[in-house]
Amino acid sequence: MMTTAELETLRAEALALSEAERARLASDLVASLDGPADSDLAKAWDLEICRRLNEIEANPALTLEPEQVLAQARQRIQGE
């Protein structure tokens, strides 16, 4: 376990990194909180993404314009 002083030193060093380095470090730290990667879950998401892309390519009319999506979201937020 780190002392408060050690943690503050580490924090200061991390904040001195470039933006890209901080982003990579932050991503790695957040990923470490999620536990080990689940390859079955990743495969399931890949299949779902492919399924959805195929569905859209087969029927482009299913897609919405950004303005439509925002209008629907606003309606849901306002409880309409």
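The protein chain exposes about 7500 Å². Carbon and sulfur atoms supply 59% of that area. The model is a predicted one. Of the 80 residues in the protein chain, 0% count as buried.

Along its principal axes, the C-alpha trace spans about 60 × 35 × 25 Å.

Helix α2 covers residues 19-33 and contains L33. Helix α3 covers residues 39-58 and contains W45. L33 is exposed, because its relative accessible area is 72% and exposed means over 50%. A pair of positions gives a sense of distance within the chain. L33 and V69 are 36 residues apart in sequence. In space, the C-alpha atoms of L33 and V69 are 32 Å apart.

The charges of the protein chain were considered next. There are 8 positive and 16 negative charges. The mean positions of the positive and negative charges are 3 Å apart.

A nonpolar patch lies on the surface. It is formed by L41, W45, I49 and L53. Together these residues have about 410 Å² of accessible area. One of them, W45, is found in helix α3.

The salt bridges of the protein chain come to a count of three. They link E48, R51, R52 and E55 in a network. E48 forms a salt bridge with R51, and the closest N and O atoms of this pair are 2.6 Å apart. E48 and R51 both lie in helix α3. They are three residues apart, about one turn of the helix. R52 also forms a salt bridge with E48, with the closest N and O atoms 2.7 Å apart. R52 and E48 are four residues apart in helix α3, again about one turn.

R51 and E55 both lie in helix α3. Their spacing is four residues, about one turn of the helix.

E48 has a relative accessible area of 22% and is partly exposed. Buried means under 20%, so E48 at 22% does not count as buried. E55 is partly exposed at 38% relative accessibility. R51 counts as partly exposed at 41%. R52 is partly exposed, with a relative accessible area of 46%. Exposed means over 50%, so R52 at 46% does not count as exposed.

Helix α3 holds W45, a member of the nonpolar patch. The salt-bridge network links E48, R51, R52 and E55.

Technical notes
Residues numbered from 1 in each chain as written. Predicted model: local features only at pLDDT ≥ 70, side-chain atom pairs only at ≥ 80, totals over all residues. Heavy atoms only, no water. Buried < 20%, exposed > 50% of the residue type's maximum accessible area, 1.4 Å probe, protein only. Areas by Shrake-Rupley, 256 points an atom, 1.4 Å probe, with all protein chains shown as cover. Lys, Arg positive; Asp, Glu negative; His and termini not counted. Charge placed at Lys NZ, Arg CZ, Asp CG, Glu CD. Patch = residues over 30% accessible without salt bridge, like charges linked within 9 Å, V, L, I, M, F, W, Y side chains within 5 Å. Salt bridge = Lys/Arg side-chain N within 4 Å of Asp/Glu carboxyl O. Helix = DSSP H or I, 4+ residues; strand = E, 2+ residues; numbered from the N terminus.
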